[in-house]
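Please find below a briefing on the structure shown here.

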Amino acid sequence: MGQYNGDPPVLLRMRGIVKRFPGVRALDGVDLDVRPGEVHCLLGQNGAGKSTLIKVLAGAHRPDEGEITFGGEPFAPATPTAAMRAGIATIYQELDLVDGLSVTDNVFLGHERSRLGFTRREEGDRRARELLARLGHGEIPPRREAGRLPAAGRQVVSMARALSHEARLIVMDEPSAALAHDEVDNLFRIIRELTREGVAVVYISHRLAEIREIGDRVTVLKDGRTVARDLPARTTPTNEIVALMTGRDIEHAFPDRPAPDAFDDRPEVLRVEGLTLPGSFEDVSFAVRAGEIVGLAGLVGSGRSEILETVYGARRATAGRVLIDGRPVRPGSPGAAVRRGMGLAPEERKSQALLLDQSVAANMSMAGLDRYSAFGWLNRRRERADVRAQIAALDIRPPDPDRPVATLSGGNQQKVVLARWLLGDRRLLVLDEPTRGVDVGARAELYGVVRELAARGIGVLLVSSEVPEVLGLADRVLVVREGRIVHEGDARGLDEPAVLNLIMEGSAL
Amino acid sequence: MTAGDTDLKTAAVPKAPRVRREVHHIGLVAALVLLALVGVVTEPDNFATSGNVAGILALAATIGVITVGMTFVIIGGGIDLSVGALMALASVWATTLATQSYGPVVMVVCALLVGTGAGLVNGLLIAYGRLVPFIATLAMLVAARGLAQRMSDRKTQLVRPENDAIEALSTTKVLGLPLVVFIFAAVAAAGWVLLNRTTFGRRTFAVGGNPEAARLAGIDVRRHTLMSYALSGLCCGVAAIIIMARTTTGSSTHGDLYELDAIAAVIIGGTLLTGGRGTLAGSILGVLVFTLITNLFILNGLQTSDQLIAKGAIIVVAVLLQRRGLRAPT
């Protein structure tokens, strides 16, 4: 193992790592030291570069600059398999198990126990059982289909796979996100056991409480850079960590907001009463007034996106109701929501909103075709005229209705999605991560568009994982944590550290 | 914003790349011309006669009408393997003694209703029963053939002389072409309008291209899917009328393997098997190319087995060319 010159040995050492993608520097000088047997926590906001860093370690991305040593040797894996062979295993947030294969097959996927091409099932099962037992889960049957295991069980299988490679470093990306409370305790027990055997863990989580419990040292990333490293995990004050994570370089230009009391006498466009979807959120109630932008802030998995989707009818609540202009909307039907005047800009623009092959015009009019038809016959002249008007109004570039929407930039694609709803009369726009994949310059423009729509009297319900976006754009902010609204207040009365605190721990600073 | 500013911004954008459908159609048209030339050269006396041309078009009519329905189903993201069997069932049902006793109009209505009804069952199973289209329509293929055999007792049912109005669709000629060719043309034209000029057509592209986006845009994806399979069934009913006119029979063996010919025609016509993209004109051209090949092989006295090999080769070549033509510009 590494050279020992007075300091504790370092297992993984990263210096000045840079990774460029077209148009962005995802990593812009990352330093990281991980010692054997420690739990090293990686903290940073969305977009800080954590995922890219993980992929560099996993061998999925090659850094453009910088050096990495692992166990004292230079480390430059060409493929994920090479990284695994070298002893770095990665457990992704979305566990990469093959549901249809058995536990054993998953553990040894890619390096099956075999002789002359025939798998050796008995030996594989025995080895898998050993690994599972080592993880404290000897009760998981090796022949069980992985897809039939609960989330916690699947995670144990993922870890068994990591151990099957004799991993010396295991990277865990938000391992607790999919787990219930007692399952997290078991996860921690496993981590402690692994570290006792000298395995190092890079632990990524948004939950500060967890980091305090399991972590040894903390490295903080911001905008692709290491801003602080090797902080003690248990004793560094929360506000210091939050300050390191937030202090931003890039300020977004947000449009001016109306006065806080401007909406008091406006009618309620949307009213949500006691909405419940077990496992996602519970007893959620709020209202959006005409012209008001209401932002939902919360972690991935907090229930914020599920609330949005349920309001829109893409999911069906087990209790509670959604009212538009005081009248209930038929639950579980996006069609009904659209007829009552809702419109959605979903989180995954490409897979949930756009027909990528089709033209800008076809994408814009797809939700409002009935406006341009008599007995099913399309009036294409009127459709085109409206599309052109929207292209001009939202300044979509290039201003060509026939261009395939796939060739537009992210910001312009998002404008096409917004324009889709503006062809008809809308009461409420539901925006899920409206600036994801949109570059910084275009963001300010989109913010302007959203505020302008609100000024026309449309209510806006906004979800974003970027706290500054919610604070800068919304009039009122609802903070969601573990499926409940834990705070509601005027956006001007909150700052980023306060919201992050509410999101992560539930107590204001 | 100044005028110069606008110019700069638009100038920076490369010329709009359009999907190259036209190019693909030119390829198919070229293939048709080439095949016609081969016909003229190899069989100068028989090929370019009005009788042969009428024959080719009449031959193309049955599979052509089915292909129109298949195009909707495939653009909508599905597949219909039951088309040949539905046509057979509709032809048998329309030629039973009981149906025939009501006269030719009832026979026609019967064929259309049987086709549409069976298509609705397909659609219900797929849209509301959540069966995979391949499996649901495979089951329908098998079951509809079985039902047709049962109804006909595995015998070929003749269209009775008093119902010769059916046969007249094939024997009566206008402008030198039998009426069934005009039926084919009418169905193709109606299909083109439905696909390109109506909300139904637009939604077909949306549902096939991105069902989740269609659903979130408020489109009733399930109802639309149901309707597209019913439409395919209706086309099978029309095809049954054409086959009855041409053969004066109803039989459980009609339309064997038509599903493969129809799918192949749609594919070489440039429609994506994964849905969301395609044209009706391409499908029709695909049908014509196939029929022309059949005709050339028959005229030249070649084996059907060679014909099958040639068709197979054409499918592969067409799809390979298509992939190059449609590769997204970056």
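**Chain A and the basis of the model**

Among contacts in chain A between residues at least 6 apart in sequence, 67% join residues at least 24 apart; two residues are in contact if their C-beta atoms, placed from the backbone, lie within 7 Å. This is a predicted model, in which local features need pLDDT of at least 70, side-chain atom pairs count only at pLDDT 80 or more, and totals for chains, interfaces and linings use all residues. Residues are numbered from 1 along each chain as its sequence is written, while chains are lettered from A and ligands numbered from 1 in the order in which they are written.

- Chain A contains 17 helices and 24 strands, taken as DSSP runs (helices H or I, at least four residues; strands E, at least two) numbered from the N terminus.
- The radius of gyration of chain A is 25 Å, close to the 23 Å that the globule rule gives for 509 residues, so chain A is as compact as a globular protein of that length. This radius is taken over C-alpha atoms, and the rule is 2.2 Å times the number of residues to the power 0.38.
- Of the 509 residues in chain A, 48% are buried, that is, 20 or more other C-beta atoms lie within 10 Å of their own C-beta atom, placed from the backbone.

**Chain B**

- Chain B has 15 helices and 4 strands, and its C-alpha trace spans about 80 × 55 × 35 Å along its principal axes.
- In chain B, 51% of the 330 residues are buried.
- Helix 14 (residues 280–299) of chain B reaches 29 Å from its first C-alpha to its last, close to the 28 Å expected at 1.5 Å a residue; the expected span is 1.5 Å times one less than the number of residues.
- Because 15 of its 20 residues are buried, helix 14 of chain B is largely enclosed by the rest of the structure.

**Nonpolar core**

- The largest nonpolar core has 249 residues, of which A:I170, A:V460, A:L462, B:I66, B:M87 and B:L89 touch the most other members. Such a core is a set of buried Ala, Val, Leu, Ile, Met, Phe, Trp, Tyr and Cys residues joined through C-beta atoms within 7 Å.
- Helix 12 (residues 221–247) of chain B gives the largest share of this core, 17 residues.

**Contact between the chains**

- The contact takes 32 residues from chain A and 27 residues from chain B.
- On the side of chain B that touches chain A, helix 10 of chain B gives the most, with 7 residues.

Technical notes. Buried ≥ 20, exposed ≤ 12 C-beta atoms within 10 Å, placed from the backbone.
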